[in-house]
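Please read these notes with the model open beside you. They are meant for quick checking, point by point.

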Amino acid sequence: MLNATDRRILKVLQEDGRITNTELSERVRLSPTATAERMKRLIREGYIEGFSATLDPKKVERGLLVFVEIRLERTSPEIFDAFKLAVERAADILECHMVAGGFDYLMKSRVKDMEAYRTFLSDVVLALPGVRETHTYAVMEEIKDTHVLPV
């Protein structure tokens, strides 16, 4: 169970994963030793899944954000399993979620431009097992993009 100090640690780490233990301990008003022990526990208990760098998509030639609705030909365990395995192997797919509603999956990807998206659509998305239909939404403006969870 998380207490207020654990939540402060998680909040600070989401904003700056490179913060030193000393700086973190000052921000959460705890000794460096106690802060380090809490960090170890939060990692061990799975509250912290990992650390990574956030890249500028434009600088790495991934400036176009697209969402794709996917409908499958049929919904059977075999199709779901094959689809899931193929998605997990596709590096260009950033997120893919099975959803309730008018389609089966919502996929997120970043590509260089519309030409790169057409290639991604034909070579990756339409090649996934069981795909019957897709609808693409190219993002014109990103209003909010965060990975920070309220804790």
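Predicted model: local features only at pLDDT ≥ 70, side-chain atom pairs only at ≥ 80, totals over all residues.

1. The protein has five helices and four strands. From the N terminus, the order of elements is α-α-α-β-α-β-β-α-β. The radius of gyration is 20 Å, well over the 15 Å that the globule rule gives for 151 residues, so the protein is more spread out than a compact globule.

2. Extent and burial. Along the principal axes, the C-alpha atoms fill a box of roughly 55 × 35 × 25 Å. Of the 151 residues, 30% count as buried.

3. Contacts and charge. Take the contacts between residues at least 6 apart in sequence: 65% of them join residues at least 24 apart. The protein carries 23 positive and 25 negative charges.

4. Strand S1. Which strands does S1 pair with? S1 covers residues 64–72. Seven bridges join S1 to S3, and the two run antiparallel. Seven bridges also join S1 to S4, again in the antiparallel sense. Strand S4 spans residues 131–138. S1 is mostly covered, with seven of its nine residues buried.

5. Two pairs can be checked on the S3 side. Valine 66 stands opposite serine 109. Valine 68 has methionine 107 as its bridge partner. On the S4 side, leucine 72 stands opposite valine 131. In a regular strand, side chains alternate between the two faces of the sheet.

6. S3 covers residues 105–111 and pairs with S2, residues 93–98, over five bridges. This pairing is antiparallel too. Cysteine 96 has methionine 107 of S3 as its bridge partner. Methionine 107 is also the bridge partner of valine 68, which places this residue in the pairing of S3 with S1 as well as in that of S3 with S2. Six of the seven residues of S3 are buried, so S3 is largely enclosed by the rest of the structure.

7. The turn between S2 and S3. How many residues lie between the strands of this hairpin? There are six. Glycine 101 in this hairpin takes a positive phi near 135°.

8. Positive phi outside glycine. Two residues deserve a look. Arginine 29 has a positive phi of about 55°, although it is not a glycine. Its place is the loop between helix H2 (21–28) and H3. Arginine 29 is exposed, with a relative accessible area of 62%. Glutamate 61 is not a glycine either, and its phi is also positive, at about 55°. Glutamate 61 lies in the loop between H3 and strand S1.

9. Alanine 36. Is alanine 36 buried or partly exposed? Its relative accessibility is 24%, so alanine 36 counts as partly exposed; the cut-off for buried is under 20%. Alanine 36 belongs to helix H3, residues 32–44. Between alanine 36 and aspartate 104, the C-alpha distance is 43 Å. In sequence, these two residues are 68 apart.

10. Where does valine 151 lie? Valine 151 is in the segment after strand S4. Its C-alpha atom is 9.2 Å from that of aspartate 6, although 145 residues along the chain separate them. Leaving aside neighbours within four places in sequence, valine 151 is in contact with Arg7, Leu10, Lys11 and Gln14. At 40% relative accessibility, valine 151 counts as partly exposed.

How values were computed
Residues numbered from 1 in each chain as written. Heavy atoms only, no water. Rg over C-alpha atoms; globule rule 2.2 N^0.38 Å. Buried < 20%, exposed > 50% of the residue type's maximum accessible area, 1.4 Å probe, protein only. Contact = heavy atoms within 4.5 Å. Lys, Arg positive; Asp, Glu negative; His and termini not counted. Charge placed at Lys NZ, Arg CZ, Asp CG, Glu CD. Pairing = 2+ DSSP bridges.
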